[in-house]
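Keep both open and follow the topics one by one.

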Amino acid sequence: MTPQFDLTFLQTNFSISGTYLDYTVKNDGHINATFVLHFEKDGVKSDYIVQRINTNVFKSPDALMQNIVGVTSFLREKISARGGNPNRETLCFLPAVSGKYYAVDADGACWRCYRYIDDVYTCNTIDSEEVFYNAGMSFGSFQKSLADYPAETLAETIPNFHNTYSRFLDFETAVQENRAGRRETVEAEIQFVRDREADTHVLLDLIEKAELPLRVTHNDTKLNNILFDNQTNQGICIIDLDTVMPGLSLYDFGDSIRFGANTASEDEKDLSKVSLSLPLYKAYTEGYLSSAKESLWAREIEYLPFSAKLMTFECGMRFLTDYLNGDTYFKTEYPEHNLVRCRTQFTLVADMEKKMADMQKITAEAATA
Ligand code: ADP
Ligand code: GN1
Ligand code: MG
């Protein structure tokens, strides 16, 4: 198969030396196109990630890469200061010959390149409470490490990213426009969203009343955005830093639960397999609070269970919106893919609504442990 990248362009622009061996495709993400390129020099192998930045989603690659390089440089210093290994514990981006951290190919596509971290794995589903506890601890530490990052220097790479009310308005526009002609097939899902409109304001109202603090957050904390060490199962590196922006701790917590505490994958067609695992919820909450508890406000802890439901609802609504718009945002593998994803999310929301009292109890216990 012909690779979807220009090897000479990448090697020249990112000054990659050595003999090219081959490449693998990483299909986990819904946004960027990701490849691992394998090279060898003097008998030593070296691997690089190259990514085609989705400029439909990230309109300003300059602002995007400034954010990411700023954050990774800041983290490198912290990791070194505590005696960690910055080459494994954060991403290391290579400058292009232009001095920018991306390069534009002959077709106008933007590419970036960073070092591959080996001896790690990623997960799309999980059944190990231990590994999910570790994921919670890693995202909690990530948030803590960025607590003193100068937030005002961060560009908003996607405006209103987790503004659930604004997402709701986008959804209503998609329903009205019915661009893909699919509206009649999703009346039940549309009603599901409308029945929960009130939820879309809750966190925004608390921000307005200054009851929740804005922090530097990751905003896309799904499980496959952590690299776990093969030997120790510790979450060693948080990746996919495109949406690091001022946000709520609740966005990060909620999105992790949405993805990782689901007993099925995000695009499971058999909805009877989809549910919230309370043991996994407990494991993540304990792991997250073990590293983040001291820095959180009481209101943040109180809203952790709600955030899990809200982030799941928001994501399902985004999949539905994209389905109505004709699949222009998320990568899809077949025509109903966004609808399948939407249905898993709404099934999970309904299950969380039933289990909310249990989630609240687990959270309160973890917070006082
Ligand atoms: P997307 O924005 O499309 O989700 P990601 O940056 O998350 O793109 O990368 C997609 C996948 O590639 C990840 O889920 C992970 O499996 C793999 N990956 C990305 N960066 C690395 C890395 N430095 N080392 C090892 N695997 C990586
Ligand atoms: C996208 O890039 P990726 O696949 O990690 C999306 C998230 C969604 C997620 C749903 C920039 O994440 O917001 O929650 O898909 N990222 C962007 O799986 O929109
Ligand atoms: Mg990703």
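In which loop is N219 found? N219 is found in the loop between β7 and β8. Please keep in mind that this is a predicted model.

**The magnesium site**

- Two residues coordinate the magnesium ion (ligand 3): N225 through OD1 and D240 through OD, at 2.2 Å.
- N225 sits in the loop between β7 (215–217) and β8 (226–229), while D240 sits in the loop between β9 (235–238) and β10 (245–247), so the pair ties together parts that are 15 residues apart in sequence.
- N225 is buried, because its relative accessible area is 4%, under the 20% cut-off for that class.
- D240 has a relative accessibility of 24% and therefore counts as partly exposed.

- N219 has a phi near 75°, which is a positive value in a residue other than glycine.
- With a relative accessibility of 3%, N219 counts as buried.
- N233 is found in the loop between β8 and β9, and its phi, near 65°, is again a positive value in a residue other than glycine.
- N233 is partly exposed, with a relative accessible area of 22%.

**Helix α8 against helix α11**

- Helix α8 (residues 249–260) packs on helix α11 (residues 304–325) at an angle of about 70°, and their axes are 7 Å apart.
- How are these two helices oriented to each other? An angle between 65 and 115 degrees counts as roughly perpendicular, and α8 and α11 are therefore roughly perpendicular to each other.
- The crossing in which α8 passes α11 is right-handed.
- On the α8 side, the contact involves L250, Y251, F253, G254, D255, I257 and R258, and these meet L304, S307, A308, M311, T312 and C315 in α11.
- The residues of this contact of α8 with α11 comprise eight nonpolar, three polar and two charged.

**Helix α4 against helix α8**

- The axes of helix α4 (residues 129–145) and α8 come within 11 Å, crossing at roughly 160°.
- That angle makes α4 roughly antiparallel to α8, because angles over 145 degrees fall into that class.
- The crossing of α4 and α8 is right-handed.
- From α4, the contact is made by F132, F139 and Q143, and from α8 by S249, S256, I257 and G260.
- By type, the residues of the contact of α4 with α8 are three nonpolar, four polar and no charged.

**Helix α4 against helix α9**

- α4 also has helix α9 (residues 278–292) as a partner: their axes come within 7 Å and cross at roughly 35°.
- The crossing of α4 and α9 is right-handed.
- Residues of α4 in this contact are E129, F132, Y133, A135, G136, M137, F139, G140, S141, Q143 and K144.
- Facing them in α9 are P279, L280, A283, Y284, E286, G287, Y288, S290, S291 and A292.
- The contact of α4 with α9 divides into eleven nonpolar, seven polar and three charged residues.

**S256, a residue of α8**

- S256 lies in helix α8, where its relative accessibility of 2% makes it count as buried.
- Which residues does S256 contact, leaving aside its neighbours within four places in sequence? They are F132, F139, T221, A261 and Y284.
- F132 and F139 are also among the α4 residues that make the contact with α8, and Y284 is one of the α9 residues that meet α4.

- N13 lies in helix α1 (residues 7–13) and counts as buried at 18% relative accessibility.
- Not counting residues up to four places away in sequence, N13 touches P95, A96, V97 and A103.
- A364 is found in helix α12 (residues 337–368) and is partly exposed, with a relative accessible area of 44%.
- How many residues apart in sequence are A364 and I117? The two are 247 residues apart in sequence, and 37 Å apart in space, C-alpha to C-alpha.

How values were computed. Residues are numbered from 1 along each chain as its sequence is written. Chains are lettered from A and ligands numbered from 1 in the order in which they are written. This is a predicted model: local features need pLDDT of at least 70, side-chain atom pairs count only at pLDDT 80 or more; totals for chains, interfaces and linings use all residues. Side-chain values use heavy atoms; hydrogens and water are left out. Donors are N, O and S atoms within 2.8 Å of the metal (3.2 Å for Na, K and Ca); water is not among the atoms, so sites may look incomplete. Helices (H or I, at least four residues) and strands (E, at least two) are DSSP runs, numbered from the N terminus. Buried means under 20% relative accessible area, exposed over 50%, partly exposed in between (1.4 Å probe, protein chains only). Axes are lines fitted to C-alpha atoms, for helices over the stretch in contact, and angles run from 0 to 180 degrees between N-to-C directions. Angles under 35 degrees count as roughly parallel, over 145 as roughly antiparallel, 65 to 115 as roughly perpendicular and the rest as oblique. A crossing is left-handed if the near helix is turned anticlockwise from the far one by less than a right angle, and right-handed if clockwise. Contact means heavy atoms within 4.5 Å. Ala, Val, Leu, Ile, Met, Phe, Trp, Tyr, Cys and Pro count as nonpolar, Asp, Glu, Lys and Arg as charged, and the others, Gly among them, as polar.
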